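Q: Could you walk me through how to read the secondary structure and packing of a model such as this one, feature by feature?

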Amino acid sequence: MRKKELDHGWMMRQNGTGEFLPAVVPGSVYTDLMANGKMEDPYYRDNEYQALEVISHDYEYRVDFTAEAEIREEDEVLLRFDGIDTLADIWLNEVYLGKTNNMHRIWEFSVKSLLKEENTLRAVLYSPTEFIARSYEEEPIIGCVDAMKGLPRLRKGHSMFGWDWGPRIPDAGIWRKVSLLGVHKGRLESVSVTQTHEDGRVLLGFQPEILKCCEGGEKRAGAGDGFSCHITVTDPKGKQQDTRLEEDISEKGEIEIKEPCLWWPNGYGEQPLYTVCVQLWKDGELLDVWERRIGLRTMGVSRRKDEFGEEFAHEVNGVRIFAMGADYIPEDNLLPRVNGERTRRLLEACRDAHFNVIRVWGGGYYPDDFFYDICDELGLVVWQDFMFACCVYDLTEEFDRNIRAEFADNIRRIRHHASLGLWCGNNEMEYFLEMDEKGWCLKPSQKSDYFKMFEYIIPQVLKELDPNTFYWPASPSSGGGFDAPNDENRGDVHYWDVWHGGKPFTEYRKFFFRYLSEFGFQSFPSLQTVETFTRPEERNIFSYVMEKHQRNSSANGKIMSYMEQTFLYPSRFDTILYASQLLQAEAMRCGVEHFRRNRGRCMGTVIWQLNDCWPAASWSSIDYYGRWKALHYYAKRFFAPVLLSCEEEGMLTQDPNVNAQPCEVRRSIRLNVANETMQTQRGMVIWSLRDPSAAIIREESVRIEAGPLSSLWLDKVELPEAGLFENYVSFRLEADGEILSSGSVLFCAPKYFAFRDPCLQVRAEGEELVVTADAYARSVEIHNAEDDMLLEDNYFDMDAGTRRVKIREGKPEGLTIRSVYDIR
């Protein structure tokens, strides 16, 4: 098959007016207008409003191109859009080809009869905001409260219309490649690859899906059409095996892999990948090639019954893993800014923080191929939502056809990946409809349409195209049918009483969720990130611009409410940003450590959220510019394969009466070793009761042996001598002279603790930073002047003394250091 990419010479303009401007395809309206100086950065201050005005118009894209004789003379020629966003009419040589109305689909048009040597392709992209506004006016429909009305009518990334963490900047454009495909006799649409694991070997099955050229277009090929396939599998060391399908291509080809190298999630083993190459032949001619990488593994979800209810756990190669990861949202509202290098950096940060799972949230778009390739390489199991979130939908005949095509395109594109862990129907729709059907469904058919879409149509398409990958109807869910979708004892749960409900961080300890797929806490990004979208006089969290970059209602006040409960009042703007990040990190630490201590009953903690789509206050652990917040450094510690954590008791509480007085209870600690490795871990746990100078008052040690994939509780230790405001406990796990895990706990809020000035100092020595403290220092933060330094550890607790920290990236110039002592 011949392929010609149409990636040069594009022009664009507002439809029917003005001069044509140079354009980039793949690209978008916003990025092209900015490149031509016709539009300001939509993320700066409140330029979002200008961007909305820009996208209220229609835009024309056009390109003149040469079609070489070799392509024109093929049996069939297709014009292929790998992605067009979203509503468009397409013309070739002023002959109308058709329309597009789904950014999640691949669109192909037969153009052989229209092609000439010199050609003009034209696409008119229609305003998405005007479309949804008209649609809503004609017939209202319920969608996300934080997004623009009418968005469920359009198969476009929902969050582009706004969310409680993102702006209303619904771009448009030809966002993936455009190409001409010259097809000779036939082509490979896709190849289904299945795996059967038994007796220490893997039997690979291959089912080529072939489209043959015939009068009037293409049809699916079958036995007797004269096609053959040559299938080659190359193992990670370069050894090849092959087989041929000569006549009956409706039968599966098979290759047996002896002594297979198994693919494992990050932290459990290696990620070897095999290359599959399928060649399509007919009459001695090579027609097409399909080549992909796969990993040999079994992958599913265990739902076995137990004394607590029903388990929900990823099971890989027969091993039930504890899911540790975060929810991934679109990396940018301007999709041309997303590329393989940027995505790799983000996902490598996940691997480095010991993630083993990434959930692709259903309100964005299906990521590019490179996203899944990188997850394959890094060992990140992908929870893949279909693109439906927080809305209801009308299942018309046209909508049914449209989404079936969308499902087929993306299932075929993604299904072979080693990292694909499960498909999930939607985000939060079963949960919302079960809670408030009348509030969401404006007509009874919308609830029945929900059943049809998520419990009939998607399973039907998956049964045909990817029957071996686990399907889950919604998140959260207990298995479908509106059967208690947020049940603590079954399925997956979204828990928001900490944050939305204003509950304290310790509230997590009251629950033992089977799999927590959403929970989070907000923070502000760093000062350097805030500076990219504000003027100096706007750097106050309650300023107009700061609140424009905070999309969760009353959230800045909520952060300050939690801050009031935790820290002294920060007197500087930059200190507020720092303190907010510590709040976020402590909230997630409190939750994750509790759930890991209860491994077996709970088998997953997926944090909301990993990343941002613009610079803003949000739940992310990594901000829009890739800067690690305190949470991501904390995650590296609380997702560590071997974790020592402490369940303290006797913290200061407040009497609910008006004249509240502190109530003291007996103080104690109970340590736990969570071992998420496949090996037994042996070492020494040492804990110390200390005063604010870090002087030891009492110290004990115990030798431990934690079995593989286990949670080991140590005996409870009473601390009658511990002062409420004057003492803290530090703890560490040592093995072979190395500290595997460490931390510290207080028995009161940090604002009450009698911190002494640790007189922190930091200096660079080669590729390390040397940190010294004269007293206990909590949540030590180190920055360089550009805030582009990545460290092996940061936001850590330390006793008095010296600590060395490796520099992974950035120059140690203009270093600053602070701790909780400096929140005042």
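**Reading helices, sheets and domains**

A: Let us start with helix 15, in which Ala 630, Leu 631, His 632, Tyr 633, Tyr 634, Ala 635, Lys 636 and Phe 638 are buried. Buried means under 20% relative accessible area, exposed means over 50%, and partly exposed lies in between, with a 1.4 Å probe and protein chains only. This is a predicted model, in which local features need pLDDT of at least 70 and side-chain atom pairs count only at pLDDT 80 or more, whereas totals for chains, interfaces and linings use all residues. Residues are numbered from 1 along each chain as its sequence is written, and side-chain values use heavy atoms, with hydrogens and water left out.

Q: Why is helix 15 described as largely enclosed by the rest of the structure?

A: Helices (H or I, at least four residues) and strands (E, at least two) are DSSP runs, numbered from the N terminus. In this case 8 of the 9 residues of helix 15 are buried, so the helix is largely enclosed by the rest of the structure.

Q: At what angle do helix 14 and helix 15 pack?

A: Axes are lines fitted to C-alpha atoms, for helices over the stretch in contact, and angles run from 0 to 180 degrees between N-to-C directions. Helix 14 (residues 573-597) and helix 15 (residues 630-638) pack at an angle of about 20°, with their axes 8 Å apart. Angles under 35 degrees count as roughly parallel, over 145 as roughly antiparallel, 65 to 115 as roughly perpendicular and the rest as oblique; helix 14 and helix 15 are therefore roughly parallel to each other.

Q: In what order do the strands of the 6-strand open sheet stand?

A: Two strands pair if DSSP finds at least two bridges between them. Here the order is 3-2-4-9-6-7, and the pairing is antiparallel. Strand 3 (21-22) and strand 7 stand at the edges with a single partner strand each, so one side of each is left without a neighbour in the sheet. Further along the order, strand 2 (residues 11-14) pairs with strand 4 (residues 59-66) over 4 bridges in the antiparallel sense, and the bridge partner of Gln 14 in strand 4 is Tyr 59.

Q: Which strands does strand 6 pair with, and which way do its residues point?

A: Strand 6 pairs with strand 7 (residues 95-101) in the antiparallel sense over 6 bridges, with Trp 91 standing opposite Tyr 96 in strand 7. In the hairpin that these two strands form, 2 residues lie between the strands, and Asn 93 takes a positive phi near 50°. Strand 6 is also joined by 5 bridges to strand 9 (residues 118-125), which runs antiparallel to it, and Ala 88 stands opposite Leu 125 in strand 9. Leu 87, Asp 89 and Trp 91 point one way from strand 6, while Ala 88, Ile 90 and Leu 92 point the other way, and all are buried.

Q: Which strands are the edge strands of the 4-strand open sheet?

A: That sheet has the order 17-16-19-20, with antiparallel pairing, and its edge strands are strand 17 (240-245) and strand 20 (285-294), each of which pairs on one side only. Within the sheet, strand 16 (residues 227-234) and strand 19 (residues 274-282) pair in the antiparallel sense over 8 bridges, with Val 233 opposite Val 276 in strand 19.

Q: How far apart do the C-alpha centres of domain 2 and domain 3 lie?

A: Domain bounds come from an automatic or database domain assignment, which here gives domain 1 (2-182), domain 2 (185-295), domain 3 (641-754) and domain 4 (755-823). The C-alpha centres of domain 2 and domain 3 lie 54 Å apart.
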